[in-house]
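Let's take a walk through this structure together, one region at a time. Keep the picture in view as you read.

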Amino acid sequence: MFKIRKENLNDLYAKISESMGLYIPIKKAGEVNYHVWGEGKEVSLETLKTVRSPKDAFFPQTENMMKFKTEGKNIDIIDVRDEKRPFVLFGVKACDYKAIEVLDKVFLMDPVDTYYKARRDAITIVTLACSKPEESCFCSVFGIDATAPCGDVTAWLDENYLYWQANTQKGEELTGKVSALFEKGGEEEVKSQQEQTKTILAKLPFATLDLSRFKPENLNELFNAPEWESLSEACLGCGTCTFVCPTCQCFDIRDFKTRDGVLRYRCWDSCMYSDFTLMAHGNSRTTQMQRYRQRFMHKLVYYPSQNDGLYSCVGCGRCVNKCPQRLNIVKVINTLGGKKND
Amino acid sequence: MIEENLIPKVGVITNVRKDTPDVKTFRVVGTDGKKLFKHMPGQCAMVSVPGVGECMFSITSSPTNEEYMEFSIKKCGCVTEVIHSMEEGSQVTVRGPYGRNFPVEEDFKGKDLLFIAGGIGLAPLRSVINYVRHYRNNYGKVVVVYGARSADDLVDFEEIKTEWKNEPNFEVYLTIDRPQEGWNDHVGFVPSYVKELGLDPNMTAVLCGPPIMIKFTLAGLLELGFDKSRVYTTLELRMKCGIGKCGRCNVGDKFVCKDGPVFRMDQLDELPDEY
Ligand SMILES: Cc1cc2nc3c(=O)[nH]c(=O)nc-3n(C[C@H](O)[C@H](O)[C@H](O)COP(=O)(O)OP(=O)(O)OC[C@H]3O[C@@H](n4cnc5c(N)ncnc54)[C@H](O)[C@@H]3O)c2cc1C
Ligand code: SF4
Ligand code: SF4
Ligand code: FES
């Protein structure tokens, strides 16, 4: 294990940026999100939850796919993907890292999504252990250890130092590039921080959520539960919960006419929208209740059923904080899991 | 190299046939004049007019046709309207094949087969039926029941009249909703016709058509003693990617584009009722 003094972190960022792109939580207009680092930027590793999740880095909100040029009846298809420059995604929390594993299963499973894969192959991920989890966090319910996230490199931060442990080949390569800035050591400090964090995690209000009913064999019973009506009644269908969610995968493919041909791009979409499933002869989900149910059934039952029990919620709490109507997955788990909401 | 699943190929329309007032069948090849890709009966492809949109269609021609692919397309919206305005030499883009096919080499082999279609529902079935005709010795008796609103709404009527009706050990029953001059076949809806025909419940059945027709025909088949594990159908949901990524065609733990569109009725029973 290595360590670097906090006041020298800028040198670390600068060194990484010499040869690769660096995406790191940066404060901009009062919000902390992952942005490209540059001298003078206000890095905030301490921020527990970026407003948007780091999925933007490899599954961007909009992405150009190809271009069509038409001349008379002839169509020409041009691949407009740019070369993906290698980059480092720095400061990813344990929940968000797990979310990347969830998305990997979707996009890298055969048939492979080559757009996603190109970006994904180009990233080295430096995760950052949490030391001050908040009330809305419930990663532990999904078996995630916030004190020891995986990734190519795992980092820990305390008052004085950032500690650094490479886990993979990619992580070793990155370490090689910056090792001149490091000193050895940190095992003791990391261990004591981990123990402290674990006592906080155990006391969090949502730490006792019970997922035992959310199993594939209960699919139809949960789908038909009468509680969905009252759970979803206040939903506005605004889609905020899906856009901030690190595991939401739905997208749309659209064409845009430019002066220089037709651009086909993809952009995030939301199962919370009424036209998501609209067809020429009808719509398979006509009510907001059905759409609300789809989002949570997918996270808690459908996805696990396709992926050996892995849930597609990681307990990041973003939807808990951001829903304007104070609806969220915690209420769903409690109500359908057999508990009362306070 | 990993295959580019989302980037289409250019297809050239080499023939347009008007089947009914709102269905045309388009013959498509690559710019090199050859077939674009191989497929199996029941699989689909995304056809697009750049700048207008992309839609999923069943590949209605048989895989045994090595020269070209065909799509029977019903005019019902923006994309299909533009495609209907196209003629020989027009270009579209095509990507695929997508989805699971009918188990023609597995469960269907050696069986007596019953095909029931309504309207444009013949599109996916035509591919299987012509595949079965090509490998005729691998299958038992074939019965086709096909219905449409009127005689003018039967897709591929020429092929049915001149080829299917003359095939040995191959019965074709046609029906239309209301009586019409010059029509000598049956008149009435498909579900009741199926019951009247008193079909052998040991046949393996495939149903394609509007949801309402499927619902009532299935009920009729079950009354006749058919078993759900030997009745197949296809689902149609909104699709964008075709490869199980965009989330749009998700029903329960299935993505219709990848795990379907072909399903057995007993498999559908396990899915939530949302299709
Ligand atoms: C697996 C599958 C196989 C199909 N096979 C055939 C076929 O062989 N022949 C045929 O005529 N039609 C078939 N369809 C239906 C066909 O895709 C729609 O009729 C077509 O998309 C309508 O597009 P539009 O732009 O003309 O209509 P609009 O209503 O203008 O379309 C608007 C949008 O909705 C989508 N959409 C509309 N209707 C449907 C629909 N029924 N299914 C999925 N998306 C839809 C379109 O992709 C488009 O993006 C099939 C659909 C699926 C899912
Ligand atoms: S649950 Fe909340 S955030 Fe999500 S769509 Fe409904 S109102 Fe918007
Ligand atoms: S559903 Fe909510 S808590 Fe779960 S991963 Fe998505 S945003 Fe986070
Ligand atoms: S069409 Fe995208 S998941 Fe099926």
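A salt bridge here is a side-chain nitrogen of Lys or Arg within 4 Å of a carboxyl oxygen of Asp or Glu. By that rule, two salt bridges cross the interface of domain 1 of chain B and domain 2 of chain B. One to look for is D22(B) with R149(B), where the closest N and O atoms are 3.9 Å apart.

Before going on, a word on the ground rules: this is a predicted model, so local features need pLDDT of at least 70 and side-chain atom pairs count only at pLDDT 80 or more, while totals for chains, interfaces and linings use all residues. Residues are numbered from 1 along each chain as its sequence is written, chains are lettered from A and ligands numbered from 1 in the order in which they are written, and side-chain values use heavy atoms, with hydrogens and water left out.

Back to chain B. Its two domains are domain 1 (9-98) and domain 2 (113-234), with bounds that come from an automatic or database domain assignment. Their centres, taken over C-alpha atoms, are 24 Å apart. Where they touch, 20 residues of domain 1 of chain B are in contact with 16 residues of domain 2 of chain B, contact meaning heavy atoms within 4.5 Å. Together these domains bury about 1,400 Å², 56% of it on carbon and sulfur atoms; buried area is the accessible area (1.4 Å probe) that two parts lose on being put together, summed over both. P41(B), T60(B) and T64(B) give 32% of the area that domain 1 of chain B buries against domain 2 of chain B, more than any other three residues.

Now step back to the two chains. Here 48 residues of chain A are in contact with 49 residues of chain B, and the chains bury about 3,900 Å² between them, 55% of it on carbon and sulfur atoms. K73(A), I75(A) and P111(A) supply 15% of the area that chain A buries against chain B, more than any other three residues. Six salt bridges are counted between chain A and chain B. In a salt bridge between E54(B) and R264(A), the side chains meet at 3.3 Å, N to O. On the side of chain A that touches chain B, the largest share, seven residues, comes from α9(A); helices (H or I, at least four residues) and strands (E, at least two) are DSSP runs, numbered from the N terminus.

What about the ligands? Ligand 1 has 25 residues around it, with A280(A), M56(B), K74(B), T80(B) and E236(B) coming nearest. A residue counts as near a molecule if one of its heavy atoms lies within 4 Å of it. Because residues from chains A and B surround ligand 1, the site is shared between chains. Look at its oxygen atoms: one lies 2.5 Å from a polar side-chain atom of T80(B), and a backbone N or O atom of C78(B) lies 2.8 Å from an oxygen atom of ligand 1.

Ligand 2 is surrounded by residues of chain A, including C235(A), C238(A), C241(A) and C323(A). Finally, ligand 3 has 13 residues around it, the closest being C245(A), C313(A), C316(A), G317(A) and C319(A). The helix α9 (288-306) turns up again here: α9 and α10 (318-322) of chain A each supply at least two residues of the shell around ligand 3.

Technical notes:
Polar contact = N/O pair within 3.5 Å; in protein donor to acceptor, adjacent residues only side chain to side chain.
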